[in-house]
Amino acid sequence: MCGIVAYVGHREAYPIIVKGLKRLEYRGYDSAGIALLNGGLNVYKKKGKVVDLEATLTEEELSSKIGIGHTRWATHGEPNDRNAHPHYSSNKNLAIIHNGIIENYDSLKKELTARGHVFHSDTDSEVFIHFIDDIYQNTKCSLEEAVRLALNKVVGAYAIVIIDENAPNQLIAARKGSPLVLGIGKDEFFLASDATPIIEYTNEVVYLNDYEIATIRDGSLSIRNVEDIPSTPYIQKLEMQLEAIEKGGYEHFMLKEIFEQPRSISDCMRGRLDANRGHLVLGGLREYINKIVNADRILIVACGTSWHAGTVAEYIFEEFTRIPVEVEYASEFRYRNPIIKEGDVVIAISQSGETADTLAAIELAKSKGAIIFGVCNVVGSSIARASHAGSYTHAGPEIGVASTKAFTAQVTVLTMVALLVAHRKGSITEARYHELLTDLEQIPVKVEKALALNKQIEYIADIFKDARNFLYLGRGYNFPVALEGALKLKEISYIHAEGYPAAEMKHGPIALIDEEMPVVFIATHDSSYEKIVSNIQEVKARKGKVIAVVTEGDTLIPKMADFIIEVPATNEAIMPLISVIPLQLLSYHIAVMRGCNVDQPRNLAKSVTVE
Ligand code: G6P
């Protein structure tokens with residue numbers, strides 16, 4: 001969490017940094033701050049969003065060709081002006097921006113306090129810069145060396161950039177665990193948590209590796225690691241387009257991303273799937289497919305919405321490949337001494353590719369000899385790089401904090417992986433394999449049809465916008481969809497919502513049902529249809545309000561439900577790709593009607609780089 005941006009070159013730094021911070025606000029928006037060299041090293045910071053900071057500043061006073069900026073998701077210390085970044089060193093000659101957590105900050109702080117350091121915030125980041133400066137002042141080494149020595153002593157995660165009052169052409173940056181991209185322009189350099197603040201200026205980037213320290217000084221870049229071993233920067237070309245990170249006429253990124261799904265699912269299948277020719281290829285899988293085919297079991301690790309995609313994948317993999325699958329919350333997996341055998345296959349799913357728990361889970365699995373297959377959206381991200389093999393989801397940048405198009409792209413990729421493995425293994429018949437390829441290829445058109453229900457869903461949203469609770473129920477493949485529907489609603493509208501397997505309702509949630517309780521059933525025509533019809537009746541018998549997502553042409557459920565949403569039919573194994581669409585739209589409209597900030601819901605961040 002937290003977004004960082006820095007610039008040094010021939011342009012004005014302030015506008016570049018402010019624009020970059022706005023693009024990184026998905027990483028946290030508790031406070032924003034900037035440090036510039038404009039007649040001294042000056043820090044400007046404020047609680048709230050980047051616009052709140054902007055409102056207090058006058059651009060003319062901010063002229064500087066170098067600067068650093070930060071947008072915060074609070075970890076240590078409440079969100080206020082004091083705890084906002086950048087933080088100064090003791091005598092204000094240095095300032096730092098930091099994304100991550102320094103775990104041994106408390107002992108460092110005690111040590112530094114005993115040596116006379118005075119702190120003005122409650123953050124670990126301020127301790128970090130005091131510690132660096134302490135070494136810098138006392139050893140009289142270069143700042144770069146002081147940073148290196150300090151990094152050898154700190155425990156935790158960081159992406160940092162440091163600016164020095166006495167070095168107007170120098171920025172020092174380093175990373176471990178938190179992402180950091182370096183953009184190289186003509187006589188100018190950019191640093192940011194992701195590439196979005198950089199793409200309009202240059203498409204040449206270097207992704208810093210863990211434990212690397214980058215020094216930009218007088219127009220040149222050098223990289224060495226914390227052991228003082230230099231390396232040659234590996235420059236890559238960015239393929240991202242500027243339009244992909246703009247709202248394109250939509251009121252919110254979330255709505256744009258929901259409506260992008262026909263295209264993002266197609267993009268995800270492009271060049272990989274051709275049903276007519278019975279062709280299915282995933283380049284990233286080629287080398288490892290036999291390992292998966294022969295695996296005794298598959299472990300899936302993920303968090304949040306990605307975990308829900310993993311749960312859909314569990315059903316698909318087990319049905320078609322007959323390989324046992326366990327889906328784990330990455331945070332639980334890594335701390336419970338899991339049983340991992342040499343050759344186990346671990347699939348890590350992550351939109352951002354930076355989620356700290358997922359990254360740590362795969363590092364643990366790797367250390368025990370597991371093979372890691374990464375399913376990430378962000379190209380070049382840490383999880384993608386830490387995996388042995390993988391497939392990108394190619395959904396394009398997802399900016400709304402609540403994940404939508406990343407979910408459907410993840411399910412699409414995982415379905416393709418499962419089908420490939422099943423086909424290779426011979427655990428699926430040729431006929432079924434071809435039928436599923438054809439059905440998968442038709443999904444974008446069907447998602448388009450589901451999106452055409454937008455107005456009807458807006459109408460239903462208006463009726464239920466003041467509800468205090470919601471239940472989401474589904475069975476089989478639609479059970480993870482129920483979980484995802486509930487998560488979407490609670491994260492952006494702040495209405496309490498729970499997802500349950502429909503049959504489990506009678507073991508608890510049924511006690512909550514009365515005329516005030518909206519219950520969303522995901523009841524498309526599948527193998528458990530009759531059973532879920534009974535569950536709907538159980539809710540109606542207790543006067544609950546039923547909103548049912550059904551298959552087009554259903555004649556039974558419309559007689560019982562208060563509201564129905566009809567989606568196109570498809571194979572039940574890939575129905576989640578369609579049945580989730582109305583739930584995304586329902587939560588979006590309810591949140592908008594309640595006046596919530598749908599793209600940046602309170603307390604959340606999109607990229608969770610803390611544990
Ligand atoms: C955060 C986001 C969620 C996301 C989860 C996992 O909580 O708000 O939308 O599903 O992290 O993120 P990942 O990038 O690993 O998919």
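This is a predicted model: local features need pLDDT of at least 70, side-chain atom pairs count only at pLDDT 80 or more; totals for chains, interfaces and linings use all residues.

**Entry: the shell.** I counted who surrounds the ligand and got 13 residues. Ser-306, Ser-350, Gln-351, Ser-352 and Thr-355 are the closest. Sorting the shell by residue class, I have eight polar, four nonpolar and one charged. I also asked which element gives the largest share of the shell, and helix α9, residues 304–321, came up with three residues.

Entry: Next I went through polar backbone atoms facing ligand oxygens. For Gln-351, a backbone N or O atom lies 2.7 Å from an oxygen atom of the ligand. For Thr-305, I find a polar backbone atom 2.9 Å from a ligand oxygen. For Val-401, a backbone N or O atom is 3.2 Å from an oxygen of the ligand. Then I checked the area: the ligand taken alone exposes 390 Å², and the protein buries 91% of that.

**Entry: Val-580.** Moving on to the other item on my list. I placed Val-580 in helix α19, which runs over residues 576–593. Buried or exposed, I wondered, for Val-580? Its relative accessibility is 0%, so I put Val-580 down as buried, given that the cut-off for buried is under 20%.

How values were computed: Residues are numbered from 1 along each chain as its sequence is written. Side-chain values use heavy atoms; hydrogens and water are left out. A residue is near a molecule or strand if one of its heavy atoms lies within 4 Å of it. A polar contact is a pair of N or O atoms within 3.5 Å; within protein, one must be able to donate a hydrogen and the other to accept it, and residues adjacent in sequence count only if both atoms are side-chain atoms. Accessible areas come from the Shrake-Rupley method with a 1.4 Å probe; for residues, only the protein chains shown count as cover. Helices (H or I, at least four residues) and strands (E, at least two) are DSSP runs, numbered from the N terminus. Ala, Val, Leu, Ile, Met, Phe, Trp, Tyr, Cys and Pro count as nonpolar, Asp, Glu, Lys and Arg as charged, and the others, Gly among them, as polar. Buried means under 20% relative accessible area, exposed over 50%, partly exposed in between (1.4 Å probe, protein chains only).
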